[in-house]
Amino acid sequence: MCGNNMSAPLPAIVPAARKATAAVTFTGIRMPHVKYICPHAPNMPVSLNMRMSMPSWFDIYGLSPDADEDESGIKRASENIKALIDQEVKNGIPSHRIILGGFSQGGALSLYTALTTQQKLAGVVALSCWLPLRNSFPQASANSVNKDMHVLQCHGDADPLVPFVFGSHTAEKMKSIINPANVTFKSYRGLPHSACPEEMVDIKRFIEKQLPAISDE
């Protein structure tokens, strides 16, 4: 993986069924003109897991809103995702045809990366997650290249690991950073820290809207 300095496994790549004109770094919801890239988090000791190694993009010290955060680890992981974006641009897919997305830590990393990259993106799908290093972002980012990107946040209201309130507060924070009209927050009754079919339908609709097929495909 270009720019990978974390010794992470190479991402799984699902090629498009025809010429790739867009890319989603997230999930297996397939559309024929879209290439899907599924990066794997490296194994690393995680403080919350008694320092035992597990797949993780960055260290996690605690789950409370005021817990310390692994700033260097978050930024290092973000640089690796940015390297993936740059590689897809070199492959011929314009950055504005790329969506970042992920679940839990992956969703958190996707939000942070989208807000700090210099590449203009199509949007972000952020599932059951939060915005890392949220206090480092100003209340308004008028000069951000992605100030008008579209964001779909999904969160179960019975999530015991990343509480629902984390998701709702993150959505409000995102509305203070980018165009609030482009932030969609969807909740799912009774859903714990996992996904559900209704959520997958919402994600597919979001991707179809943000990455429509183009005429020369």
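Buried means under 20% relative accessible area, exposed means over 50%, and partly exposed lies in between, with a 1.4 Å probe and protein chains only. By this scale Arg51, at 47% relative accessibility, counts as partly exposed. The model is predicted: local features need pLDDT of at least 70, side-chain atom pairs count only at pLDDT 80 or more, and totals for chains, interfaces and linings use all residues. Residues are numbered from 1 along each chain as its sequence is written, and side-chain values use heavy atoms, with hydrogens and water left out.

Confidence was examined at the outset. pLDDT is the predictor's confidence in each residue, from 0 to 100. The chain averages a pLDDT of 86, and 82% of the residues score at least 70. Over residues 1-7, pLDDT stays under 50. The model has 17 contacts beyond four places in sequence for residues 1-7, where contact means heavy atoms within 4.5 Å. Where pLDDT is low, the predicted coordinates should not be read in detail.

The overall fold was described next. Helices (H or I, at least four residues) and strands (E, at least two) are DSSP runs, numbered from the N terminus. The chain has 4 helices and 9 strands. Their order from the N terminus is β-β-β-β-β-α-β-α-β-β-α-β-α. Of the 217 residues in the chain, 49% are buried. Among contacts between residues at least 6 apart in sequence, 65% join residues at least 24 apart. The accessible surface of the chain is about 10,100 Å², an area from the Shrake-Rupley method with a 1.4 Å probe, where for residues only the protein chains shown count as cover. Carbon and sulfur atoms account for 54% of this surface.

Two helices were checked for length. The expected span of a helix is 1.5 Å times one less than its number of residues. Helix 1 (residues 71-90) has 20 residues and should span 28 Å at 1.5 Å a residue; its end C-alpha atoms are 29 Å apart, which agrees. Buried residues of helix 1 include Ile74, Ala77, Ile81, Leu84 and Glu88. An α-helix has 3.6 residues a turn, so residues three or four places apart point the same way. Just after helix 1, Gly92 takes a positive phi of about 110°. Helix 3 has 14 residues and reaches 20 Å from its first C-alpha to its last, close to the 20 Å expected. Among its buried residues are Phe166, Thr170, Lys173, Met174 and Ile177. The cover over the buried residues of helix 3 includes helix 2, strand 8 (150-156) and strand 9.

A nonpolar core is a set of buried Ala, Val, Leu, Ile, Met, Phe, Trp, Tyr and Cys residues joined through side-chain atoms within 4.5 Å. The largest such core has 37 residues. Leu111, Leu115, Val124, Met149, Met174 and Ile178 touch the most other members. Two or more residues come from each of strand 4 (43-46), helix 1, strand 6 (98-103), helix 2 (105-116), strand 7 (123-127) and helix 3 (164-177). Helix 2 gives the most to this core, with 6 residues. A second, separate core of 16 residues includes Ile99, Cys154, Leu191 and Ile203. Beyond its neighbours within four places in sequence, Val124 contacts residues including Ile99, Leu111, Met149 and Phe206.

Cysteines were considered separately. A disulfide is a pair of cysteine sulfur atoms within 2.5 Å. The structure holds 0 disulfides. Cys129 is in no disulfide, and the nearest cysteine sulfur, that of Cys154, is 9.3 Å away. Cys129 is buried because its relative accessibility is 1%. Cys38 is partly exposed, at 22%.

Most residues other than glycine have a negative phi. Arg51 has a positive phi, near 65°. Arg51 sits in the loop between strand 4 and strand 5 (52-55). Ser104 also has a positive phi, of about 60°, although it is not a glycine. Ser104 lies in the loop between strand 6 and helix 2. Ser104 is buried because its relative accessibility is 13%. In strand 9 (residues 183-188) lies Lys186. With a relative accessible area of 33%, Lys186 is partly exposed. Lys186 and Gly156 are 30 residues apart in sequence and 8.5 Å apart in space, C-alpha to C-alpha. Leaving aside neighbours within four places in sequence, Lys186 contacts Leu152, Gln153, Cys154, His155 and Asp202.
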